[in-house]
Amino acid sequence: MVCKGTGCLLSGSQKVIDAFRKEFKKANLDDISIIESGCHGFCSQGPIVVIKPEEVFYPQVEPEQVERIVHEHLGQGKIVHDFLFFDPVTKKKIPHYKDINFYKKQTRIVLRNCGSINPEKIEDYLDNDGYFALKSVLSVTPEEVIEEVKNSGLRGRGGAGFGTGMKWEFARKAPGEKKYIICNADEGDPGAFMDRSVLEGDPHSVLEGMTIAAYAIGADEGYIYVRAEYPLAVKRLNIAINQSRKSGFLGKGICGSPFNFDVHIKEGAGAFVCGEETALMASIEGERGMPRLRPPYPATSGLWGKPTNINNVETLANVAWIIRNGAKKYNSIGTEESKGTKIFAVTGKVKNSGLVEVPMGMSLREIIFGICGGIKDDGQFKAVQIGGPSGGCLPEELLDIPIAYESIAKTGAIVGSGGMVVADEKTCMVDLAKYFLSFTCTESCGKCVPCRLGTKEMLEILTRITYGQSNENDIELLKKLARDVKVASLCALGGTAPNPVLTTMEYFSDEYEQHVKEHRCVAGVCEDLTLIAIKESTCQGCGICIKHCPVGAITGEKKQLHIINTETCVKCGVCITNCPFDAIYRV
Amino acid sequence: MRACERSSREKSDYEEMDLSNLGDIISKHKDHTGVLIPVLQEAQKEYGYLSEGIIEKIAGELKLPLSQVYGVVTFYSQFRLKPHGKHTIKVCMGTACHVSGAQEITGSIATKLGVETGGTTKDGKFTLEAVACLGCCGLAPVMMVDDETYGRLTSQKALKAVRQYKKKDKEEGD
């Protein structure tokens, strides 16, 4: 089984697949088949190869290693120890998938099939109880389906965390013959890629969830709005839709019942704001994706003015599991107010980055240090950013709080879509806040003034701070503006855009002070607040930096230590890029 | 779009471009609702970018005001009003890439090629773009040159990749 999720494809899994084919032919191994699976979630270890049925896990497989795997493992039944996963915590090699900490501590409901089935074959999905839930709901009333989902406690996984069953009920009760259901697959948060992995690894689970939702609210037409940047997801969804139609799970008279439902795919065109539900609907209608004033809510007046229910990919992928296993079982996972599991995309400066699905209520520390193995290169943990541009940065002291909608909201961050970017001591928190704000500022659709001008003004202040041109009033002004933008913006983009700024100001106020008062960036990120220096012990005196420096700030004889004149240096960093010995750095 | 903004290059492109396929694209969608974005997407796929002539024709045939079509084109980052270079370099600006030094990589490519982000080199070979999260955060920092992806980048590795494209073009006599 070779992973063909985007992460692994990019690390070269196609070449590995080709190498396996070649070796199989050479060794005449006809009884072994290659399954091209969806994402395993452990993307930093790609390309991933899993040998079944024993479930031996080979990470970062190179085409050159394939010969030994085929020969020794498949031929002689001996595990190739040299290629096994090395656990950075226990410092041991681990052969089996399920024993790896990264997987052992997860509870996989949404990701249940991701990585273990071929996403392009409906038979694989059916073999894993696929479409069983759909068949069973068709024999009960829509109201009973809604009741079951309500009882499960499932809440929207796209960010807001609104009760899914309740949302369905509103759409069900809304007057009107024609109703729509939309699957929001416009996953725009930088650092979040769980929806893509689900669409690529198990597209049928999303389709099944969507069809059940359509039955519950009484819709006969659905749209999946997918980000333009996800071509593989679109391709696999198209395959899945065609297979479902052929097998009678989509179209007219689904599974012999009088229920009709079909799905269209709409590709986004690159606008972050279209993740907001009303903007998304404007985009489907062929207009500029600008949010509309609510109420009326989509449940009563949505797509083309008709009652519309809109759910996120991860939410819908939970539905079939809930129906099959019962609301009670789902309900037993998680905390008092936040039920079930949530997928987090843990990236940044952690040893094991990738997708982790954990029960709600697990602590941040357990996720970052327990599952993901702690900080890369044995660096120092500084902060974790949760919830993308709408979320916040939390410091070490808050790592023990349990992950749940309410507890995270209290800190000023949000669970959001589940992006989790870990920062170490080399990350400047002011710069990180500036990064998110420049993102939201660019992506602001421009409809309402607080968001359009407020984020721009905030970005200007932050830019001043990182350039060392700020005065002491700037911090107060920034805080005030942030609060105003939060309260006065039309949609959630503006309403949450100040969160990264507010949380960094709260938890890392000393860094802001250093930037403003001392004109110093301890992380060495803000160029204008740093100096460039040459390491005496590493410099070989090769003269390359002298040649590249555009302002002639570096001097030194050949084979002697070179020196930077800080008066002339413009801190452009060209010398750092070109030094072959990594002897130049920022302080 | 004001006529005075029309550069001579675009104008000649417009005149030389064979827009017959565009008619097929439009008529395929014409009778459905909400088709403007898919039509623009397919037109861009066909012609590489949306010239003034293409936009005018789409607006005319879909019976939409030109201003509305232009409004949609400029709203979404996917649509381009100018032709791209032979190769497109997309440096990911996602959070994971940002904290792993994407800015520095963009900077060194920009310096080396002598273009600004979003611009195309004078010889029309490279377009440099800073793009939204490519979703391979486990490999950060990441860039794509055309369809090929490069992960776990350093400035040196990124520049080396760009040099390879230059070399390949030279070998092919381009």
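**Helices 7 and 8 of chain A**

I started with how helix 7 of chain A and helix 8 of chain A run relative to each other in this predicted model. Helix 7 of chain A covers residues 142-152 and helix 8 of chain A covers residues 164-173. I get a packing angle of about 155° for the pair, with the axes 7 Å apart. Angles over 145 degrees count as roughly antiparallel, so I put these two helices down as roughly antiparallel to each other. I also checked the hand of their crossing, and it is left-handed.

Next I looked up who meets whom. From helix 7 of chain A I have A:Pro142, A:Ile146, A:Val149 and A:Lys150. Across from them, helix 8 of chain A brings A:Thr164, A:Gly165, A:Met166, A:Trp168, A:Glu169 and A:Arg172. By class, I sort the residues of this contact into five nonpolar, two polar and three charged.

**Where chain A touches chain B**

I moved on to the two chains. I find 40 residues of chain A in contact with 33 residues of chain B. Which elements of chain A give two or more residues to that side? I noted helix 1 (6-10), helix 12 (277-284), strand 11 (341-348), strand 15 (419-424) and helix 24 (574-578) of chain A. The side of chain A that touches chain B has 14 nonpolar, 19 polar and seven charged residues.

**Domains of chain B**

Last, I looked up the domain assignment of chain B, which gives domain 1 as 6-75 and domain 2 as 87-171. Taken over C-alpha atoms, the centres of domain 1 of chain B and domain 2 of chain B are 29 Å apart.

Definitions and conventions
Residues are numbered from 1 along each chain as its sequence is written. Chains are lettered from A and ligands numbered from 1 in the order in which they are written. This is a predicted model: local features need pLDDT of at least 70, side-chain atom pairs count only at pLDDT 80 or more; totals for chains, interfaces and linings use all residues. Domain bounds come from an automatic or database domain assignment. Two residues are in contact if their C-beta atoms, placed from the backbone, lie within 7 Å. Helices (H or I, at least four residues) and strands (E, at least two) are DSSP runs, numbered from the N terminus. Ala, Val, Leu, Ile, Met, Phe, Trp, Tyr, Cys and Pro count as nonpolar, Asp, Glu, Lys and Arg as charged, and the others, Gly among them, as polar. Axes are lines fitted to C-alpha atoms, for helices over the stretch in contact, and angles run from 0 to 180 degrees between N-to-C directions. Angles under 35 degrees count as roughly parallel, over 145 as roughly antiparallel, 65 to 115 as roughly perpendicular and the rest as oblique. A crossing is left-handed if the near helix is turned anticlockwise from the far one by less than a right angle, and right-handed if clockwise.
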